[in-house]
Amino acid sequence: MILEERPDGQGAGEESGVRKGCDPLMQTQHGRLQSRRARIYQQISKELQMRTGAENLYRATSNHRVRETVALELSYVNANLQLLKEELEQLDGSVDTCRHGSEGVAAPMIPLGLKETKELDWATPLKELISGHFGEDSTSYEAEIRELEALRQAIRNPSRNEAGLELLAAYYNQLCFLDARFLTPARSLGLFFHWYDSLTGVPAQQRALAFEKGSVLFNIGALHTQIGARQDRSCAEGTSRAVEAFQRAAGAFSLLRENFSHAPSPDMSAALLCALEQLMAAQAQECVFEGLLLPVPAAPSDGPAQLRLAQEAAQVAAEYRLVHQTMAQPPVRDCMPVSWNALVCVKAEYFRSLAHYHAAVALCDGSLVAKGELPTHKQVFLQPPDFCAPQGPALPQEPEKRRRLGKAHLKRAILGQEEALRLHAVCRVLREVDLLQAVVAQALRRSLARYSELDCEDDFCEAAEAPDIQPKTHHKPEARTPCLSQVKVADIFHRLGPLSVFSAKNRWRLVGPVHVTRGENGFGFTLRGDSPVLIAAVIPGGQAAAAGLKEGDYIVSVNGQPCKWWKHTEVVAQLKGVGEAGVSLQVVSLLPGSGPPVAGDRWPALLGPGGLLRSQRERGCKTPAPARASPRPLLGWSRKAKQDKSRDSAQPCTLAGAAATSPDPQALPSPPESPGWP
């Protein structure tokens, strides 16, 4: 077929999507990506097989030396798996990665790998509880159980973005519902929750649902670190997102450390979580410093701006030195990767050298002689060890003396950058991180160039001693709790009824159907509350008393219609509409030993029963259920409730004849529809 030539030089085949051929270059690139993905999947499968064998040996042997050797092998396998998964994730977002790399050069961050887990069978224990304790047909809840299992399967490998965070938060909130409905302090689900340590790869398992919650919260923090490390920090928006991500990560680890004890895996121990908090705070501070360089880089002649940059860089260096000191202490030292420790050392030296570089620029090129500024500038520099003056080192006002002091700071900057390159070359893993070497080498070349400009051949004066820079920041990133409350979910097992009554913590007896007719004084009982509606009082000698209804019963069915979730007004309207034939009711009566009924749903502890909470509030304090006007704390500790005074003072509804009054809507808050946040 001969294509007709177009006036604009395009053939007909170029306009038709069917006839247009594939780009050979794009096809080749696509094939290469597919080949790399296949190779990575093969390597992941091989590492998983090695981990399974090592795990079996770790569990089977009682020899201490063998267990140490196997634990070391598991740490290597776990590190390889994390690297392979990161490489696979980079392939999936290869376009974004290339774009970010071309826009600027920034020092790499330390992301934390996610904890891995095995599949879990929820069906058996949940069906036993639904049929045994709740007295319902467990087969009718197979769809809910499949939904829960699908959600847990999805969180095993969440996407490395905001959607992955929402998925983890949604599963965490469902765990809160499960804890509130199916668990008691004396009984667990009987499941083994199996998770691998994020840093060492050593397996750990527990029966407590608290371990599942803590592991999910750890992964929320770890995913925030990965999102922060992937941000494009060459623009202000990307830098702000990175700062927030590392703040959220620090908040998640802080939350876990404050509320979780007796950790079965090293990565959830208090010492290591503290080290991770400090690391995330240091990386957030580094992003703050990078953000100061972005909008309009400070001109060399702007002395105050250069001094501020010097103090900000010194603050980052101080943060990383603190992280390094924590990492050097056992037991953190035994769990942290050696490459992380080396990278922290490199960054501490690098940012300390940057502080001296900016101080040198301020001294040599800046105008520091303005009146009123000198006392402030003196506070930038720390005294050398042998300095005796109490006010701090005086800044020279003569240009030549300032040049010599700036030259001394440049010398310290060069020495620090050379030390950073040496530390980078010592670590085998860091030698492969070319980006970090490029960042430090670029800073070293800049310092050498500036030093050559200041160096004079006839300069025979004794070199001045450059003082340290006082760390100071104008923006200290604080740990921020992850936004778990923003992810609204509905209880998967909503059909079982409101948690205030229908939970494993309570025992009840189903009564009815009970037929109640309307007498001269109405039905003879008073209603109060919502979801479910409570029989607050029964008139002696009335129709309700004759039918066997009692004060404290909850109405769960009206004329065969389930009404566990009905509001007070809905039940009243239904009863008003019945004729002389009366109404058929089903009620439940709480048995002795049940928890006191409350106006709203009660929410479980963050980390469940069994002594895993440091706080003693769960066992000692008694507080009412959360109302919408006073939101539940973010973690949702389980609390044994007192009777809500507002509930007792609510205006009852007396069904006498055709008259009925509605309750005060402000006195009885409706229960929340998501775990703990109104």
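Which residues touch the most other members of the largest nonpolar core? In this predicted model, local features need pLDDT of at least 70 and side-chain atom pairs count only at pLDDT 80 or more, while totals for chains, interfaces and linings use all residues. Residues are numbered from 1 along each chain as its sequence is written, and side-chain values use heavy atoms, with hydrogens and water left out.

The residues in question are Trp122, Phe182 and Phe493, within a core of 109 residues. A nonpolar core is a set of buried Ala, Val, Leu, Ile, Met, Phe, Trp, Tyr and Cys residues joined through side-chain atoms within 4.5 Å. Buried means under 20% relative accessible area, exposed over 50%, and partly exposed in between (1.4 Å probe, protein chains only). Helix α6 (residues 162–182) gives the most to this core, with twelve residues. Helices (H or I, at least four residues) and strands (E, at least two) are DSSP runs, numbered from the N terminus. A second, separate core has 21 residues, including Val516, Ala544, Leu549 and Trp566. In soluble globular proteins, nonpolar side chains tend to be buried together.

Phe493 has contacts beyond its neighbours within four places in sequence. Among them are Leu126, Ile130, Tyr141, Glu144 and Phe182. Contact means heavy atoms within 4.5 Å.

Helix α7 (residues 209–229) is mostly covered, with 20 of its 21 residues buried. From first C-alpha to last, α7 reaches 31 Å, close to the 30 Å expected at 1.5 Å a residue. The expected span is 1.5 Å times one less than the number of residues.

Strand β8 (residues 583–590) pairs with β3 (residues 508–516) in the antiparallel sense, through seven bridges. Two strands pair if DSSP finds at least two bridges between them. Leu510 has Val588 as its bridge partner in β8. Strand β6 (residues 554–558) is also antiparallel to β8, over four bridges. Here Tyr554 stands opposite Val588.

Strands β4 (residues 525–528) and β5 (residues 533–538) run antiparallel and are joined by four bridges. Leu527 stands opposite Ile535.

The structure holds 18 salt bridges. A salt bridge is a side-chain nitrogen of Lys or Arg within 4 Å of a carboxyl oxygen of Asp or Glu. One of them joins Lys115 to Asp267, with the closest N and O atoms 2.9 Å apart. Lys115 lies in the loop between α3 (94–103) and α4 (123–132), and Asp267 in the loop between α8 (236–259) and α9 (270–293), 152 residues apart. Both Lys115 and Asp267 are buried.

Arg495 and Glu144 also meet in a salt bridge (2.9 Å, N to O). Arg495 lies in the loop between α16 (434–454) and β3, and Glu144 in helix α5 (residues 142–155), so the pair ties together parts 351 residues apart in sequence. Arg495 is partly exposed, at 43% relative accessible area. Glu144 is buried, at 11%.

Within helix α8, Arg248 and Glu244 lie four residues apart, about one turn of the helix. Their side chains form a salt bridge (3.5 Å, N to O). Arg248 is buried, with a relative accessible area of 10%. Glu244 is partly exposed, at 34%.
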